[in-house]
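Please read them with the structure open.

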Amino acid sequence: MSATAAGAALSLAGGRFASAAARDRAIAVTAARAVRTEGTTLEQVATATGTGAYKRLAAGPGWPLVVRSDLAGARTGRDDRRTGLACFVQFTDMHLVDSESPVRFEYLARYLDSAHRPHETLTVRGAASLVERVNSLPGGPYTGRPFSMVVNTGDIADNHEHIELDWYLTVMSGGTVTPNSGDPTRYEGVQNSGDAAYWNPETSFQDAYKAKGFPEVPGFLTDAGRPFTAPGLRVPWYSTIGNHDDSIEGTLPDLGLLGSLYTGDRKVEGCDDADAAKLADALRHDPAAAAVLLTELLAGGGVVRQVTPDPRRQPFTPTEFAQAHLDPAYTGAGPTGHGFTSDAVSSGRLYYTFPISDGVLGVSLDTTNRAGWADGSIGTAQLDWLENVLQSHSSHWYDTDGHVVRGGHGNQLIVLFSHHTSGTMGNLLPDPYHPFEQRHDGNTLVTLLQRYPNVVAWVNGHTHTNQIIAHAHAVPERAFWEVNTASHVDYPQHARIIEITDNGDGTLSLFTTLIESAAQYTTDFHDTSDAGLASLYRELSYNDPYATPAQKTGTAADHNTELLLARPGS
């Protein structure tokens with residue numbers, strides 16, 4: 001059996017291998033089909049070891065390629081005919097956290113797992129280590145093509161603060177970054193509070209985390225906040241906005257009413273169970289009530305700590321988000337603005353197109369809803385703009401009755417990028433800045449995309465989970481793939497290489513390969529060097545007691561895949 005035929009035989013329905021021997025055979029076939037696998041999860045993957053409550057990580061076997069023929073058959077010989085069309089990298093959900101900010105809800109972690117993470121002081125270092133990984137790779141594992149770009153699909157910041165955005169832009173463009181706010185000489189957050197609800201890493205105090213095996217790490221908080229030099233990406237990069245980039249903790253609508261709390265000197269570190277439960281519920285169901293409750297806790301209803309005020313914690317608006325990307329200090333490897341233009345700044349429209357490669361167009365959407373809530377939608381103006389883009393780059397499409405329409409001035413394959421997924425775009429609350437504009441959900445967007453055969457993929461984040469969805473259609477060329485990638489704040493902390501190839505047989509393949517940061521798998525609790533902290537970032541995220549790493553990791557069918565689909569017009 002040829003390598004191609006063997007690869008096709010590995011197609012899975014459930015995404016699981018029957019045995020270790022089957023997995024090893026699949027790894028061998030994977031290596032035979034690839035140009036190279038080094039530096040990717042095709043080669044090796046972080047794997048938990050030990051029997052205690054706190055797991056250490058080590059290098060484990062790589063994840064083999066899974067061929068998914070949900071949308072088109074896998075024909076033999078395609079490896080020999082394959083032509084690479086595009087190769088790029090997706091980052092998503094970095095959540096660079098100002099862990100000392102007064103407007104945070106760490107005391108709600110038992111209700112909302114994203115409210116606090118034991119590793120959140122290391123988010124900036126973790127992001128820089130991911131950049132190091134991309135810089136170390138020569139290109140895609142199946143085409144060998146160099147990366148044309150990196151696209152970050154949102155939740156760049158955790159709490160849409162200017163300082164978090166500055167950290168992100170420095171990590172991506174390169175330069176010295178100090179992941180500390182307030183007093184630059186000390187840490188002023190919950191992790192040295194002496195509260196047993198939090199991991200207090202620098203002391204022997206027996207908190208709830210140490211009861212689960214978390215270590216004492218001398219100097220952890222001090223060294224986490226010291227300056228370091230981020231290398232910056234060596235390839236162009238683009239940004240897509242997410243809900244954490246335009247709202248309070250990704251949930252509360254920011255109408256400019258809480259700016260003084262962000263930049264003030266009072267931080268709530270805890271409250272009684274009844275208030276915590278009430279606030280957690282309000283964050284899910286009543287944003288206005290949540291804002292009132294937060295103000296009451298700061299006024300004396302909670303355990304309040306004095307912190308050093310910092311004007312850099314002021315929340316940024318969507319317009320300021322775009323404007324910051326245009327700062328020449330953050331041009332890095334380009335392009336200027338990283339997708340955003342002066343028109344975006346003046347109009348507030350944070351959606352745009354960009355070239356991925358010759359014959360492949362990228363479309364970045366804004367799926368956030370400034371009315372609040374974590375989930376998203378898009379307005380009519382953006383939906384109409386998107387359809388105009390799709391028509392102008394397609395030689396044919398289908399009308400709403402299923403009839404073929406000929407037209408368009410171009411004929412490019414199209415990849416969409418957004419923060420939200422098709423299943424997390426049900427937030428149809430009116431946008432307070434465009435109250436009379438209708439909002440549209442993920443089903444509406446899927447239906448639109450299936451009318452345009454040139455759409456081959458929709459790449460997104462938000463769920464912090466690896467999941468690949470086949471959007472099938474009775475007309476094969478109207479199908480497309482949705483590729484959802486886990487975050488880089490919660491374990492497994494993945495990014496994804498995506499390669500598009502023409503198989504020369506009427507089909508295309510999308511190869512999706514997960515990558516981890518450049519950090520070593522092994523950790524040393526006495527090593528707080530930059531490299532040591534980057535390694536701890538990954539291991540601590542695995543052990544976060546409020547996270548669900550197994551669920552977020554996904555199945556084999558969501559990891560390293562070959563996604564087949566009909567070539568438009570074939």
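1. Trp373 is found in the loop between strand 14 and strand 15 (378–379); helices (H or I, at least four residues) and strands (E, at least two) are DSSP runs, numbered from the N terminus. Phi of Trp373 is near 75 degrees, a positive value in a residue other than glycine. Most residues other than glycine have a negative phi, and most peptide bonds are trans. Trp373 counts as buried because its relative accessibility is 19%, where buried means under 20% relative accessible area, exposed over 50% and partly exposed in between (1.4 Å probe, protein chains only).

2. A word on the basis of these notes. This is a predicted model, in which local features need pLDDT of at least 70, side-chain atom pairs count only at pLDDT 80 or more, and totals for chains, interfaces and linings use all residues. Residues are numbered from 1 along each chain as its sequence is written, and side-chain values use heavy atoms, with hydrogens and water left out.

3. His338 also deserves a check of its backbone. With phi near 50 degrees, His338 has a positive value in a residue other than glycine. The loop between helix 10 and helix 11 holds His338, and the residue counts as buried at 0% relative accessibility.

4. One runs from Gly334 to Pro335, with omega near -10 degrees; Pro335 lies in the loop between helix 10 (318–325) and helix 11 (342–347). Another joins Tyr491 to Pro492, with omega near 20 degrees. Pro492 belongs to the loop between strand 22 (480–484) and strand 23 (495–502).

5. Strand 13 (residues 352–357) pairs with strand 14 (residues 360–364) in the antiparallel sense, over 5 bridges; two strands pair if DSSP finds at least two bridges between them. Thr353 has Val363 in strand 14 as its bridge partner. The hairpin of these strands has 2 residues between them, and Gly359 there takes a positive phi near 85 degrees.

6. Which residues of helix 9 (residues 287–301) are buried? They are Pro287, Ala290, Leu293, Leu294, Leu297 and Leu298. Seen down the axis of helix 9, the buried residues fall within an arc of 140 degrees, so they line one face of the helix; the arc is that of the directions from the helix axis to the C-beta atoms. The face turned away from the buried side of helix 9 carries the exposed residues Ala288, Ala299 and Gly300.

7. What do the buried residues of helix 9 pack against? Their partners are strand 10 (252–253), helix 7 (259–262), strand 11 (266–270), helix 8 (273–285) and strand 12 (303–306), with contact meaning heavy atoms within 4.5 Å.

8. The structure holds 19 aromatic pairs. Rings of Phe, Tyr and Trp (its six-membered ring) pair if their centres lie within 6.5 Å; planes under 30 degrees apart count as stacked, over 60 as edge-to-face and the rest as tilted. The rings of Phe105 and Tyr107 are edge-to-face, because their planes stand at 80 degrees, with the centres 6.5 Å apart. Phe105 counts as buried at 2% relative accessibility, and Tyr107 is buried with a relative accessible area of 5%. Phe316 and Phe321 form a stacked pair, 5.8 Å centre to centre with 25 degrees between the planes. Both Phe316 and Phe321 are buried.

9. One aromatic cluster is formed by Phe88, Tyr238, Phe316, Phe321, Phe340, Tyr352, Phe354 and Phe417.

10. Two arginines are placed over tyrosine rings. The charged end of Arg370 sits over the ring of Tyr433, 3.9 Å from its centre, and Arg478 lies over the face of Tyr398, at 4.5 Å from the ring centre. A charge sits over a ring if NZ of Lys or CZ of Arg is within 6 Å of the ring centre and within 35 degrees of the ring normal.

11. On cysteines, the structure holds 0 disulfides, a disulfide being a pair of cysteine sulfur atoms within 2.5 Å. Cys87 counts as buried at 1% relative accessibility. Cys271 is buried, with a relative accessible area of 18%.

12. Asp441 is placed in the loop between strand 19 (439–440) and helix 13 (442–449). At 22% relative accessibility, Asp441 counts as partly exposed. Not counting residues up to four places away in sequence, Asp441 touches Met425, Gly426 and Leu428. The C-alpha atoms of Asp441 and Asp327 are separated by 33 Å, and the two residues are 114 residues apart along the chain.
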